[in-house]
Amino acid sequence: MEMRVKLKEVLEERNMTQGELVKMTGLRQAVVSELVHNQRMSLKKEHITKICEALNIKRIEEIIELVDNR
């Protein structure tokens, strides 16, 4: 199994840019970009919390999913 961050899809659904999310969360542009492109090797609880708060996400499944890569 692999964990996948669905941030790209969430931003597209809301017609938001990575830059807007950076301003809303205070996260570095590189962090947001890596999350959007699923290139981040680890997830910090603090980052996910800030994103969920900024985007008013109440369920973690809206932003993270487990994918069976078999």
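Predicted model: local features only at pLDDT ≥ 70, side-chain atom pairs only at ≥ 80, totals over all residues.
The backbone angle phi of N38 is near 50°, which is a positive value in a residue other than glycine.

A positive phi is also found at N56, where the angle is about 55° although N56 is not a glycine.

## The chain as a whole

How many helices and strands does the protein chain have? The secondary structure comes to 4 helices and 2 strands, and, read from the N terminus on, the elements follow the order β-α-α-α-α-β. The radius of gyration of the protein chain is 11 Å, close to the 11 Å that the globule rule gives for 70 residues, so the chain is as compact as a globular protein of that length. Taken along the principal axes, the box filled by the C-alpha atoms is roughly 35 × 20 × 20 Å.

Of the 70 residues in the protein chain, 31% count as buried. The accessible surface of the chain comes to about 5,000 Å², and carbon and sulfur atoms account for 48% of that surface. Among the contacts with a separation of 6 or more, 62% are made by residues 24 or more positions apart.

K8 lies in helix α1, which covers residues 7-13, and with a relative accessible area of 42% K8 is partly exposed. K8 and I63 are 55 residues apart in sequence, while their C-alpha atoms are 9.2 Å apart in space.

The second pair is R40 and V5, which are 35 residues apart along the chain and whose C-alpha atoms are separated by 9.2 Å. R40 lies in the loop between α3 and α4, and at 25% relative accessibility R40 counts as partly exposed. Which residues does R40 contact, leaving aside its neighbours within four places in sequence? Once those neighbours are set aside, R40 is in contact with V31, E34, L35 and H47.

## The largest pocket

Rolling a probe the size of a water molecule over the atoms shows where empty space is left. In this model, the largest pocket holds about 180 Å³ of space. Its lining is made up of E2, M3, R4, V5, E34, L35, N38, Q39, R40, M41, S42 and L43, and the elements that give two or more residues to this lining are β1 (2-5) and α3 (29-36). The element that gives the most is β1, with 4 residues.

Sorted by class, the residues that line the largest pocket are 5 nonpolar, 3 polar and 4 charged. Several residues described above return here, for the lining of the largest pocket includes N38, R40 and V5.

Notes. Residues numbered from 1 in each chain as written. Heavy atoms only, no water. 1 Å grid on protein atoms, 1.4 Å probe; cavity = no way out; pocket = protein on both sides within 12 Å on 5 of 7 lines; lining within 4 Å. Points joined across faces, edges and corners; volume = space filled by probe spheres on them. Nonpolar A, V, L, I, M, F, W, Y, C, P; charged D, E, K, R; others polar. Rg over C-alpha atoms; globule rule 2.2 N^0.38 Å. Buried < 20%, exposed > 50% of the residue type's maximum accessible area, 1.4 Å probe, protein only. Contact = heavy atoms within 4.5 Å. Areas by Shrake-Rupley, 256 points an atom, 1.4 Å probe, with all protein chains shown as cover.
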